Amino acid sequence: MSRDLRHSRMLITGASSGIGRALALKAAAAGARLALVSRSAEKLASLEQSLPANSEVCSIVADITRPEDRERLLRTASERFDGLDVLVNNAGVASFGHFSTSSEEILRTIMETNFFGPAELIRSAVPILVKGRQPAIVNVSSMTGRRGMPAWSEYSASKYALCGLTEALRGEMA
């Protein structure tokens, strides 16, 4: 499926590095209006400097695991662009190591960032997105969301959960 991103109002979490940064650069080049979210103001500033000069961008420092940050980033993006068309849930963290030598704290951090944060961001964004033009939700996962990998147990669990939610929402939102 191909989509014209010109003037599309797009929110990208985890935008300051990796896949999120690459998405932001491509979307800006395609003419999207971007709300870029990261926990790092410095990395967001660096990304803004890398975007084409005519890019319409709103950088938002936020942690998607915090309900007040999710509320603020959606409010900021939708007020700035008078709505939202695309939500890209890209923010994520990983942990490598055997489950038996890890900790509850690590597991909870991974699940909060990779599953609960995106899930609640979707729930809060739906009333905004349904008013958008060609609304879409993009959840960035991993091959470990389809096949559990040894030493990636916690990460795999979080991505399996995100894939399951995505499949269920595809039917609910059709």
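A crossing is left-handed if the near helix is turned anticlockwise from the far one by less than a right angle, and right-handed if clockwise. I keep that beside me for the helix pairs below.

**Before starting.** My model is predicted, so I noted that local features need pLDDT of at least 70, side-chain atom pairs count only at pLDDT 80 or more, and totals for chains, interfaces and linings use all residues. Residues are numbered from 1 along each chain as its sequence is written, and side-chain values use heavy atoms, with hydrogens and water left out.

**Entry 1: H3 and H4.** Helices here are DSSP runs (H or I, at least four residues), numbered from the N terminus. I looked up H3 (residues 67-81) and found that H3 passes H4 in a right-handed crossing. Their axes (lines fitted to C-alpha atoms over the stretch in contact, with angles from 0 to 180 degrees between N-to-C directions) come within 10 Å and cross at roughly 35 degrees. In contact (heavy atoms within 4.5 Å) are Arg70, Leu73, Leu74 and Ser78 of H3 with H4 residues including Gly117 and Glu120.

**Entry 2: H4 and H5.** Next I took H4 (residues 104-129) with H5 (residues 153-172): the angle is about 15 degrees and the axes are 8 Å apart. That makes H4 roughly parallel to H5 (angles under 35 degrees count as such). I noted a right-handed crossing here too. Phe115 of H4 and Tyr155 of H5 are among the contact residues.

**Entry 3: H1 and H2.** Which residues of H1 make the contact with H2? I found Arg21, Ala24 and Leu25. H1 also passes H2 in a right-handed crossing.

Conventions
Helix = DSSP H or I, 4+ residues; strand = E, 2+ residues; numbered from the N terminus. Parallel < 35°, antiparallel > 145°, perpendicular 65-115°, else oblique.
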